Amino acid sequence: MLNPDLVGRTFTSADSVTVTKEAIQKFAEVLGESNFDIAPPTFSISITLDQSQSLLQGSGLDWTRVVHGEQRFDIKRPIIAGDVLVGSSTIESARNVAENEIVTVRSDLHAGSNLVVSTWSTLVVRA
Amino acid sequence: MSQLVTGQEFPAKTFTINRELLIKYADASGDQNPIHQDEAFAKSVGLPDVIAHGMLTMGLAGKYLSDISGAEKVIQFSAKFIKPVVVPANTDVLLIVSGKVGEIADGLAKIELLAMCNEIKVLGVAKGVIKL
């Protein structure tokens, strides 16, 4: 059970991530994409996964019972090789539906002061 | 991209998912959760077998969306993970993705996506918004 006081908690990565062409290519190839000049629409998850897990560390969530319920991306501009991105993640909400707990985490990636992508991951903690 | 019309349907595409692809996706995405690679572990937590990363399934639907507009035109993409894609050993599981044009307004088009696996819908209300 997530500690309800943690809603609103934000984690900002200490380090920026520099996107390489190799990282885009590796991700794109798995999806059968041959354009490596810009990242596929879901690429940002490979950067935000770590920061959202850091955010939820010590939150009381039972990771062995977590499944991914829903995902949304708002893409301001595509990610390209050479981008230097800084991420922050926030616990936006936590609620109980039936026996399950549903937690929504928003993650933003910025290049300098410009927002590049916002993502919302909804996690379902199975009872 | 040619002129889109609301209701227009795009031809379905088939993507192949197997254990090898799950390992490649785990390496590329950093999601090394053992439920996507280790059959014994997956079964120990109550799953029928190894399951695909939801984000792999969504990523393949995203490839379908990118093929319609070009990845640079995709400004929104969302889906619910309503059924797991079960991936038994030594098996190619087929994911069939199709799409149609929804609302068109203000230079944007909504693309409604359908992702089916063994005749079961695996993504719910999957949709993208593309710039025209």
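Guide: Strands here are DSSP E runs of at least two residues, and helices are H or I runs of at least four, both numbered from the N terminus. This is a predicted model, in which local features need pLDDT of at least 70 and side-chain atom pairs count only at pLDDT 80 or more, while totals for chains, interfaces and linings use all residues. Residues are numbered from 1 along each chain as its sequence is written, and chains are lettered from A and ligands numbered from 1 in the order in which they are written.

Visitor: How many bridges join strand β3 of chain A to β2(B)?

Guide: Two strands pair if DSSP finds at least two bridges between them. Here β3 (residues 66-75) of chain A and β2(B) are joined by five bridges and run antiparallel.

Visitor: How many residues does the contact take from each chain?

Guide: Two residues are in contact if their C-beta atoms, placed from the backbone, lie within 7 Å. Chain B gives 28 residues and chain A gives 25. On the side of chain B that touches chain A, α3(B) gives the most, with nine residues.

Visitor: Which residues touch the most other members of the largest nonpolar core?

Guide: Such a core is a set of buried Ala, Val, Leu, Ile, Met, Phe, Trp, Tyr and Cys residues joined through C-beta atoms within 7 Å; buried means that 20 or more other C-beta atoms lie within 10 Å of a residue's own. Among its 56 residues, they are A61(B), L113(B) and L123(B). Helix α3 (residues 54-69) of chain B supplies the largest share, seven residues.

Technical notes:
A residue is buried if 20 or more other C-beta atoms lie within 10 Å of its own, exposed if 12 or fewer, and partly exposed in between; C-beta atoms are placed from the backbone.
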